[in-house]
Each structure stands twice: as C-alpha cells, then as structure tokens.
Amino acid sequence: MADFAQLGLFFVVVFGVIALPGLDMAFVLASSLRGGNGAGMAAVGGIMLGGVAHVLMGVLGVAAILAVWPPLFNAVLLAGAVYIAWIGWNLLRSREGVALPQARAGRGGPVFLQGMLTCLLNPKAYVFMLAIFPQFLHPERGHLWTQAALLGLITALTQAMVYGTVAAGALRAQRWLGGNPRAGLAAARAVGAVLVGASLLTVLQGWT
C-alpha cells in the first residue's frame, strides 16, 4: 500500500537533486541551444530513459556493487566527466554558434541516445541510488518492484518537469541568439565552458 507521506517526501528529495545544476541539466541546456526544441526534448527523453535504467540498477543492487568496489565508481565518474567535457570542448571550438531550430532538424535520435548516455554516466545518479533510493523501499509494504516502479514514475515526471522547463527557457533564448550570430557564438562557447567546468567539478568532488 502506498504511503503518500513517504511518496511526497521522495518527490521533495528527488526534485532537490534534479533541480541542482549538474551534467544532465547542462546537457539539456546545450542541446536546446544548439538544436532547438526538438533536440532539447530529445535530450530530456534520453535522460528520462537513463533514469529508468538507474531505477532498475538500484533495485538489482548494481549501485551497491559500485560502492563495494570504489575504483569502479571512480571509473564511472571519470567516464561521465570526460564525456561531458568532450561535448563542452567541441562547443568551445565551435564556429557555428547557436543555430536556428530548422537548421538542426532530424538530429533528435542521436541527441536522445547522448542524453541517455549522459544520464547513465552521471555519478550523481549512482550516489542517489545508493544513499537515498533504498530508504524508500520497504519489503513489508508489498512487492519491491511495485514500489520501485512508483518511485521511478515520480522520478521520470520530475525530470520531465525540471528539464523540460530548462529546455523551454533555452529555446526562447535560442530564438533571439539565432538572429544574432556573434551573441550566438558567445553563448555556445559559454555553455561549453559551463560543461567543461561541470565535468571538472564532478571529478574534484568525487575524489575529495
């Protein structure tokens, strides 16, 4: 039986974690600015699918394995940071700036896969699954898979709400930047710097 007080508490915790700027949010922002609404929503969808995978791994105990063998966790952390830094570096080197939405049509598929990969390589998600998620699973209240599915749904909806808002805000900015090439180029490089900075901060926090 669902404990609505616990579910409400879980939502508050999840919202706080997702709303905290990190690799996923930076990727959604970059995708929206570079590819318009389609790319932004594809990024959100990919991250949501990655979140579903995290829920599955949390229930199956993969997150615990990462904790038992710290080098594996550090490897995941480093892989995610390097991947995001690579995207940021490409933006820093870009000469295109922020493109108009129609100029980036048809790229939703790759962005979706990149969003899923970004989420799967996000160490913050593994910390959440190890330290927080298990606290909301109670065997005495029924099947764990049913509880996990409900918690996963709350997580996915929260991701859609937070990252969807980020994508929509970026789209509004992109429409203006698309008509101002120099400002668009500066914005692309600024987002690239944010991505590189986020990746460096992730590594520093993981090893300190």
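Is Phe-11 buried, partly exposed or exposed? With a relative accessible area of 34%, Phe-11 is partly exposed (buried means under 20%, exposed over 50%, partly exposed in between, with a 1.4 Å probe and protein chains only). Here are some notes to go with that.

1. Ground rules. This is a predicted model, in which local features need pLDDT of at least 70 and side-chain atom pairs count only at pLDDT 80 or more, while totals for chains, interfaces and linings use all residues. Residues are numbered from 1 along each chain as its sequence is written, and side-chain values use heavy atoms, with hydrogens and water left out.

2. The core. The largest nonpolar core has 40 residues (a set of buried Ala, Val, Leu, Ile, Met, Phe, Trp, Tyr and Cys residues joined through side-chain atoms within 4.5 Å). Among the residues with the most contacts inside this core are Phe-10, Val-28 and Tyr-163. Helices that each supply at least two residues include H1 (4-19), H2 (23-60), H7 (144-178) and H8 (181-206), and H2 gives the most, with 13 residues. Helices here are DSSP runs (H or I, at least four residues), numbered from the N terminus.

3. Around Val-28. Leaving aside neighbours within four places in sequence, Val-28 is in contact with Gly-40, Ala-43, Val-44, Ile-47, Tyr-163, Val-166 and Ala-167 (contact means heavy atoms within 4.5 Å).

4. Aromatic pairs. The structure holds 2 of them (ring centres within 6.5 Å, taking the six-membered ring of Trp; planes under 30 degrees apart are stacked, over 60 edge-to-face, the rest tilted). Phe-10 and Phe-136 are edge-to-face, at 5.1 Å centre to centre and 70° between the planes. Phe-10 lies in helix H1 and Phe-136 in the loop between H6 and H7, so this pair ties together parts 126 residues apart in sequence. Phe-10 is buried at 0% relative accessible area, and Phe-136 counts as buried at 10%.

5. Back to Phe-11. Phe-11 and Phe-15 form a tilted pair, 6.1 Å centre to centre with 40° between the planes. Both lie in helix H1, 4 residues apart, about one turn of the helix. Phe-15 counts as partly exposed, at 35% relative accessibility.

6. The cavity. A search of the whole structure finds 1 cavity of 30 Å³ or more (a set of points on a 1 Å grid over the protein atoms alone where a 1.4 Å probe fits but cannot get out; lining residues have an atom within 4 Å of a point). The largest cavity holds about 190 Å³ of space. Of its 15 lining residues, those closest to the centre are Val-17, Ile-18, Ala-125, Thr-155 and Gln-159. H6 gives the largest share of the lining, 4 residues.

How values were computed: 1 Å grid on protein atoms, 1.4 Å probe; cavity = no way out; pocket = protein on both sides within 12 Å on 5 of 7 lines; lining within 4 Å. Points joined across faces, edges and corners; volume = space filled by probe spheres on them.
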